[in-house]
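Please prepare a short report on how the secondary-structure elements of this protein pack against one another.

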Amino acid sequence: MKHRQFIFQDYRFDPATKKLVLHYAIDEAWQFSETYQFEFDFVDYNPAVLDQAVQALFFIAGTSYFKTFVPAEIVVNKGSIDAEDAAFYSQVYQEGLGEFWYVNKLDPKTPVNFPVNGEVKPLPDFDNTGLLIGLGGGKDSLTTTELLRDKADIATWSLNHRQQLEPLVHKVGRPHFFVARQWDPQLKDIVQHGGLNGHVPISAIFAAVGTIVAVLTGKRDVVTSNEQSANEPTLEYQGIAINHQYSKSQAFEKIYQNYLTRHFGDQLRYYSFLRPFSEIKIAEIFSRVGFEKYKDVFSSCNRAYVVESNHMSWCGVCPKCAFTFLVLTPFVSRTELEKLWGGKNLLLDPSLEPMYRQLLGIEGDKPLECVGEIKESRAAMHLAQTIYPELQTKYQFELPSDYDYRTLGSHEMPDDIYQIFEGVIQQQPEQPE
């Protein structure tokens, strides 16, 4: 690429206006600014603790601007990075931009080296309590919310899409903290100036914003709703596994937990409450604890969250709609499920057959979307075929004999939270074979 340096210029947080501004540059040719507006009242926080949390977001959110021209050198004008931090940020960029390398036909081994310019400074002790659950508007975060509702001190938070999410937040009925993010508008036209566009590790950005919200609200735990299937690579490119969901994966969860521990001890934590579950198991639980309550206000369709949208919706043509319809089919009545898509049955829609063949691993690569593992899709389709026998000849595949969607996977939850998880699981009724 033609530019030499990507520069982390400055970040400024103004408690009076509740606004955070991040400044980046590429050589002297481009200046970028990104803003975050925290739309809630703050507790009495320690500025040094907040500053460290802001630094994590400053460096991680830089992926959106670094990728435009992929400069070879990274310069840090503000913020402190020690050797372990540098390795952490380099890994987030290297692996979190995997899909970006693939789509733009770049070398997935392109080095992203952060400079070392400081050391970890001890922070004062603080006593945050309670759980902060990220609400994305889909079934997963609502499942977490309902499972933890009576088990812990919970609040929720969200990034952008306030107008779409307010009806859902109202039904959740717990304290909620809205954050508005505005990325630099130059990104919209960057390709016209020789720049590149593509996927960034957005859930890593969410993790860092959530940590800031936790500091500002006095919460200890930033809780996500990422499942086992987020660990599965989407495809292989030049010998490198590319995972669209890298920043939702257990691999990212571990390294971000390590980052928090090094800087904050155990005073700020980050984990997924649904990590042991398959997507099908989450769908099964959601059908019992959340579908009826939230059926008019939730959506897992990415197109419901485009900038121009102001309400929840389902497009009925994207991979997430197709997958969501599939995994809910065994547990939600046909009539209720079809209502979400305006009476349309996605499993019986001929135009979606190629997409289902991708989801099932019959033809082509798995879509570059947040969808389940191939074996999950196959298990869900196997259940769906008992409801729609005509699908048996349309989709033929092998299902691993040892796969059971109810089997719990590994997790990264703290011991006290996993004890709550175990109690929740024991309360769930057995699903018949």
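The crossing of H7 and H8 is right-handed, a term used when the near helix is turned clockwise from the far one by less than a right angle. This comes from a predicted model, in which local features need pLDDT of at least 70, side-chain atom pairs count only at pLDDT 80 or more, and totals for chains, interfaces and linings use all residues. Residues are numbered from 1 along each chain as its sequence is written, and side-chain values use heavy atoms, with hydrogens and water left out.

The axes of helix H7 (residues 202-217) and helix H8 (residues 250-264) come within 11 Å and cross at roughly 30°, where axes are lines fitted to C-alpha atoms over the stretch in contact and angles run from 0 to 180 degrees between N-to-C directions. H7 and H8 are therefore roughly parallel to each other, a label given to angles under 35 degrees. Helices here are DSSP runs (H or I) of at least four residues, and strands (E) are runs of at least two, numbered from the N terminus. On the H7 side Ala204, Ala207, Ala208 and Thr211 meet Phe252, Tyr256 and Leu260 of H8, contact being heavy atoms within 4.5 Å. By class, this contact has 6 nonpolar residues, 1 polar and no charged ones.

Helix H9 (residues 279-289) is largely enclosed by the rest of the structure, because 9 of its 11 residues are buried, that is, under 20% relative accessible area with a 1.4 Å probe and protein chains only. Among the buried residues of H9 are Glu279, Lys281 and Phe286. Their cover includes helix H5 (139-148), helix H10 (291-294), helix H11 (319-328) and helix H14 (374-387).

An open sheet is formed by 9 strands in the order S4-S1-S2-S3-S7-S6-S5-S8-S11, with mixed pairing. Strand S4 (73-76) and strand S11 (269-272) stand at the edges with a single partner strand each, so one side of each is left without a neighbour in the sheet. Within this sheet, strand S6 (residues 154-159) is mostly covered, with 6 of its 6 residues buried. Ile154, Thr156 and Ser158 point one way from S6, whereas Ala155, Trp157 and Leu159 point the other way. The pairings of S6 are listed below; two strands pair if DSSP finds at least two bridges between them.

| Strand pair | Sense | Bridges |
|---|---|---|
| S5 (residues 131-134) and S6 | parallel | 4 bridges |
| S6 and S7 (residues 176-182) | parallel | 4 bridges |

The bridge partner of Leu131 in S6 is Ile154, and Thr156 stands opposite His176 in S7.

Key
Angles under 35 degrees count as roughly parallel, over 145 as roughly antiparallel, 65 to 115 as roughly perpendicular and the rest as oblique. Ala, Val, Leu, Ile, Met, Phe, Trp, Tyr, Cys and Pro count as nonpolar, Asp, Glu, Lys and Arg as charged, and the others, Gly among them, as polar. Buried means under 20% relative accessible area, exposed over 50%, partly exposed in between (1.4 Å probe, protein chains only).
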